[in-house]
2 protein chains.
Amino acid sequence: MLKAVVYDAYGTLYDVHSVIQRCENLFPGKGPQLSQMWRTKQLEYTWQRSLMDRYAPFSTVTQEALAYACAALGLELGEEAKQALLREYRALACFPDVRPALERLGGMRQAILSNGSPDMLDPLVAQSGLRFDAVLSVDAVRIFKPSPAVYRLVLDAFGVQPGEVAFVSSNCWDALGARHFGFASYWINRTRAPVDKLGVEPVAVLRSLGDLPDEVLR
Amino acid sequence: MLKAVVYDAYGTLYDVHSVIQRCENLFPGKGPQLSQMWRTKQLEYTWQRSLMDRYAPFSTVTQEALAYACAALGLELGEEAKQALLREYRALACFPDVRPALERLGGMRQAILSNGSPDMLDPLVAQSGLRFDAVLSVDAVRIFKPSPAVYRLVLDAFGVQPGEVAFVSSNCWDALGARHFGFASYWINRTRAPVDKLGVEPVAVLRSLGDLPDEVLR
């Protein structure tokens, strides 16, 4: 019944750990705090801009969130350091469980569906060497996840019905937004967090992508 | 030119400190962490539900966020403790700078515009003794701030234009959402945080509500 497997990018396929490491290198002792506030604001800004009807590409939002986080923590961010941090996002490593899972699922159509704008996403996918049938960005509809308009991009790209799509994300709210839209959602719970309480549940909660092929192919 | 002054409720007029205190009483040593995660999730859920087109009243969202925060922190939340925490939201004190500011602005139409559902908001306003020409809840449009549909409620209630409304919030993103809609927005920056970077600026940043009447009446 499932015809396509669609993956979130950041944190699901690609490990943002190197961004955290770079924050620590630039601001010793402040790395975890900076990277956490940066990530929190990055997401908040995607939701707030979407609701305000004031879309900006993820690359802009990511820069603005970084500027806010540095200001809030009293860190002086030079142009060079800023560019180094933003570059890191285009060169993330994929998690070790990604390649084997993608290979085992090679008989299905596979895609990325990401908040990332093409200027961030395309270089990232290219350098990683991963192959997809489609790399879909919210930029096409100018609103961020978890808007139904975003998940609908998959239907248009592959000519499938919501129930024919397996959706995979390490962001619980993203998995739940996709589930609400009608996808078979798998939440990759890498950090053993509780399921978000948004009145909807994922189809399954998996510890890693290694468990995904058996779930999807059974 | 300004004909109406519209206030956010939680954190702007009403001090949520007593909620934090109650968290600490129930879970000694965990109060700050619990109340911060509760608040963070409460807001995230409002944005995520709005974007998913899956509105639930703020009272529901508040309960769900509390349940998540307790689960994430490994805290056992009994029914009695839960009810005590939720009751606290209906009995918040207003900040000391509120009554004098509202009095000085008594010549203008004044309203609350809040994410709070009427079941939370109405008892809160009643017990505080503050008087408003209107107490407006997002519940009427079934989407949360900063959606333009929310700010539009003020125009319908008072028959005014956006440029005739002064909007006051201690939540920067709320002040910016209102500014984007066209209100004259005042951000009450009680914690000396940086302005959020959403591509729009408040009309003024004030330290407290005490500075508001001079700004609005000049």
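## Helix α2 of chain A

α2(A) contains 22 residues and spans 31 Å from its first C-alpha to its last, close to the 32 Å expected at 1.5 Å a residue (the expected span being 1.5 Å times one less than the number of residues). Helices are DSSP runs of H or I with at least four residues, numbered from the N terminus.

α2(A) is mostly covered, with 16 of its 22 residues buried (under 20% relative accessible area, 1.4 Å probe, protein chains only). A:Asp53, which follows α2(A), has a positive phi near 65°.

## Basis of the values

This is a predicted model, in which local features need pLDDT of at least 70 and side-chain atom pairs count only at pLDDT 80 or more, while totals for chains, interfaces and linings use all residues. Residues are numbered from 1 along each chain as its sequence is written, chains are lettered from A in the order in which they are written, and side-chain values use heavy atoms, without hydrogens and water.

## Contact between chains A and B

Chain A and chain B each bring 34 residues to the contact (heavy atoms within 4.5 Å). The area buried between them is about 3,000 Å², 67% of it from carbon and sulfur atoms (accessible area, 1.4 Å probe, lost on being put together, summed over both parts). A:Leu51, A:Met52 and A:Lys197 supply 25% of the area that chain A buries against chain B, more than any other three residues.

There are 2 salt bridges between chain A and chain B (a side-chain nitrogen of Lys or Arg within 4 Å of a carboxyl oxygen of Asp or Glu). A salt bridge joins the side chains of A:Lys41 and B:Asp196 at 2.8 Å, N to O.

Key: Buried area = accessible area lost by both parts, 1.4 Å probe. Helix = DSSP H or I, 4+ residues; strand = E, 2+ residues; numbered from the N terminus. Buried < 20%, exposed > 50% of the residue type's maximum accessible area, 1.4 Å probe, protein only.
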